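Morning, everyone. Please look at the sequence and the model on the screen, and then I'll walk you through a few points.

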Amino acid sequence: MLYLPHDDPDLAGLVKNEEDRLETTINLIAAENHSPQSILEVMGSVFNTKTIEGYPGKRFHSGCAHVDKVENLAITRGKSLFEAEYINVQPHSGTSANLAVYFSVLNVGDRILSMSLPHGGHLSHGHKASITSKCFDFSHYKVNSETELIDYDRVREIAHFIKPRMIVAGASSYPRLIDYEKISQIAREVSAVFMADMAHLAGLVAAKVIPSPVPHCDFVTFTCYKTMMGGRGGVILCKEIFGKKVDQAVFPGCQGTTAVNLIAAKALIFKLAMEEKFVSIQKKTIQNARIMASILMEKGYHIISGGTDNHQVLIDLTSKGISGKSAENCLESAGIVLNRNVVPQDEKNPGRVSGIRLGSGAVSARGMGESQIREIVELMDMAMMNQASQEVIKKVKSSVLKLCKAFPINRSA
Ligand SMILES: *Cc1c(COP(=O)(O)O)cnc(C)c1O
């Protein structure tokens, strides 16, 4: 920070405090990660001040020589990284990207089949509180109550029954691989288009440590700040034939000017994602999540679906007699941040949040491995099982600090 401490010492202090908080806490929030410093630099660059509407070569303001190159770079790199036919890098966020895809090929009121939110889906997949549900007629599929895996037979049954125009795969909290091929087959059977929302998984897909939805989908959307480690903003990948419609739906359909600084950050992370360090972080992310899940199971925790194939571990705390909220609070006071999360069974008890969701992305970016993950799980267990003991929480917090000191946030790419 060069000028901020002079212009606004209060705000500069808050930035510093936030830097310190990140440095001294263990971050298990599945929807966060630590971005390389170069991402933060380009997001704070002069590109933030350029006003653009339209697409490279077809802008509504002059002075676009350099920003056209930035957007073209993001386009070329993104298409190559994800082996996509077409890409739009302008959506402000994952939700904007989803909205634009819906409006690109559907009419208001059309039917969409997507995953239910308490079973893992996202607000923008037609939750009643989201504008998406006011524009389109959503039905939802769920996980099987025993296996806690997506019930593909039910997806097929519902699809044949309601005949949706679009099927949406993808989730905010689903720790297993999604069989995109199977859902694309179902979509074909009912002549629906197929979209996958890989917001949480983009980094893992980019590094090829889990299978890509791209070959099976008409549209794939994602955000860049989760496993992708690239700052904020959304991206749409699609088949060439939908390219024009998607572009029009993003601008002028759903957005006005877009954020060139975020497009530049997307270009940068698409480059970094092809490099060895990014790939090794993503590999570690998968290994660390598996280790987390298996130790927690040994300790008697109910892990949704009995394990994980990605960066997420979902715990139903009902059998341990504590709520998601109380676990989240006591862990935060011990220096471990994560989020409470609904679990499939909560659907029967509206208002209840019985679980927590863990993500291994940020700790893996910090370089932590098996022995640190073991220690973190031991510390979490100790804190959650002794919530009332200030002494235990204090002890956990001091171990957390030691771990954080030994693994400072690494901002080099
Ligand atoms: C996080 C997430 C999004 C979020 O997008 P925003 O950038 O917060 O609008 C969309 N879809 C899924 C499945 C997500 O998990």
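Ground rules. This is a predicted model, where local features need pLDDT of at least 70, side-chain atom pairs count only at pLDDT 80 or more, and totals for chains, interfaces and linings use all residues. Residues are numbered from 1 along each chain as its sequence is written, and side-chain values use heavy atoms, with hydrogens and water left out.

Ligand site. Which residues surround the ligand? Ser 93, Gly 94, Thr 95, His 122, Ala 171, Ser 172, Asp 197, Ala 199, His 200, Thr 223, Tyr 225 and Lys 226. To be listed, a residue needs a heavy atom within 4 Å of the molecule. By class, that shell has three nonpolar, seven polar and two charged residues. Here Ala, Val, Leu, Ile, Met, Phe, Trp, Tyr, Cys and Pro count as nonpolar, Asp, Glu, Lys and Arg as charged, and the others, Gly among them, as polar.

Now the polar contacts, meaning pairs of N or O atoms within 3.5 Å. A ligand nitrogen sits 2.6 Å from a side-chain N or O atom of Asp 197. A ligand oxygen is 2.8 Å from one in the side chain of Tyr 225. For Ser 93, the distance from a ligand oxygen to a side-chain N or O atom is 3.3 Å. On its own the ligand has 390 Å² of accessible area, and the protein covers 87% of that. The areas are Shrake-Rupley, with a 1.4 Å probe.

Helix pairs. Helices are DSSP runs of H or I, at least four residues; strands are runs of E, at least two. Axes are lines fitted to C-alpha atoms over the stretch in contact, with angles from 0 to 180 degrees between N-to-C directions.

H7 (residues 152-162) and H8 (residues 180-189) have axes that come within 10 Å and cross at roughly 15 degrees. They are therefore roughly parallel, a label for angles under 35 degrees.

Backbone. A cis peptide bond, omega about 5 degrees, joins Phe 251 and Pro 252. Pro 252 belongs to helix H10 (residues 243-254). Glu 148 has a positive phi, near 60 degrees, and is not a glycine. Glu 148 lies in the loop between strand E6 (137-141) and H7.

Last, the second pair: the axes of H12 (residues 276-298) and H15 (residues 370-385) come within 9 Å and cross at roughly 40 degrees.

Notes: A polar contact is a pair of N or O atoms within 3.5 Å; within protein, one must be able to donate a hydrogen and the other to accept it, and residues adjacent in sequence count only if both atoms are side-chain atoms. Angles under 35 degrees count as roughly parallel, over 145 as roughly antiparallel, 65 to 115 as roughly perpendicular and the rest as oblique.
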